[in-house]
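Please open the model in a viewer and keep the selection tool at hand. The stops below are meant to be visited in order.

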Amino acid sequence: VVLALLGDFITGQIHGAANAEKNQLPPTEAIVFAQNHLIAGIDLLLAHTDYTLTIPCKMGNHGRTTDKSRFGGENGHSYEYLMYLHLRAYFRTEPRVTFIVDDSYHTYLPVYNEVLRFHHGHAIQSQGGIGGIFPATYRKIHNWNKAQHATKDIFGHHHQYLDGGNFHCNGSLIGFDGRAEALAYGYEPPQQTLLLIDKKRGQTCKWPVLVAR
């Protein structure tokens, strides 16, 4: 089982100090809160299944400590990067869990005949045009594939549950909020994405995992 942690587990303070004070928790307390929930979820899977877990970890833009994204040194300014290192250390003696915490924007993972490319998604900017993020995403994927090919991109960031054929945009845990309304994403409940990839047939199913708020 591939359990992708795609970032933005906290709201952070990227929209200004004033907005940060309105968050339920400040960044350090929020990241510990998120970390504890992730540990509980992984422990639940280990206790009630015989799965082995491969966990790609990507940094979101909301977990950063800088005003703007720094793609060249993103990890060193990310609360989430620190959280992923803590999670990897916590499960270091569990043979059924493998964390992938790398320094690049992309993480490539072969799954049967597929090559999945994981990233947070904040390198994709739609500019608000017709078609939403689809045109910009297809252009990015085309150019990324020139360097290293992947059959599917899997990312989040855009607060939308979308299937583009060669990409999946994960839903948002925070659900419909002020940002989603301002950017006209349309209403969606809090949700995540579950994919089933068959060994012979490739992807055969996709489900929204609805999250109670």
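Buried means under 20% relative accessible area, exposed means over 50%, and partly exposed lies in between, with a 1.4 Å probe and protein chains only. This is a predicted model, in which local features need pLDDT of at least 70, side-chain atom pairs count only at pLDDT 80 or more, and totals for chains, interfaces and linings use all residues. Residues are numbered from 1 along each chain as its sequence is written, and side-chain values use heavy atoms, with hydrogens and water left out.

Begin by selecting aspartate 8, in the segment before α1 (17-20). Helices (H or I, at least four residues) and strands (E, at least two) are DSSP runs, numbered from the N terminus. With a relative accessible area of 22%, aspartate 8 is partly exposed. Its phi is near 60 degrees, a positive value in a residue other than glycine.

Select tyrosine 112 next, in the loop between β3 (107-111) and β4 (114-118). Tyrosine 112 also has a positive phi, near 55 degrees. The relative accessible area of tyrosine 112 is 53%, so this residue counts as exposed.

Move to helix α2, residues 27-48. The buried residues of α2 include Ala30, Ala34, Leu38 and Ile42. An α-helix has 3.6 residues a turn, so residues three or four places apart point the same way. Among what covers the buried residues of α2 are β1, α3 and β2 (97-100).

Now select lysine 58, in the loop between β1 (53-56) and α3 (79-90). Is lysine 58 buried or exposed? Lysine 58 is buried, because its relative accessibility is 2%. The side chain of lysine 58 makes a polar contact, at 2.8 Å, with the side chain of threonine 107. A polar contact is a pair of N or O atoms within 3.5 Å; within protein, one must be able to donate a hydrogen and the other to accept it, and residues adjacent in sequence count only if both atoms are side-chain atoms. A polar atom of the lysine 58 side chain also lies 3.4 Å from the backbone oxygen of tyrosine 105.

Finish with the cysteines. The structure holds zero disulfides (pairs of cysteine sulfur atoms within 2.5 Å). For cysteine 57, the nearest cysteine sulfur is that of cysteine 169, 19 Å away. Cysteine 57 is buried, at 0% relative accessibility, whereas cysteine 205 is partly exposed, at 28%.

Definitions and conventions. The expected span of a helix is 1.5 Å times one less than its number of residues. Contact means heavy atoms within 4.5 Å.
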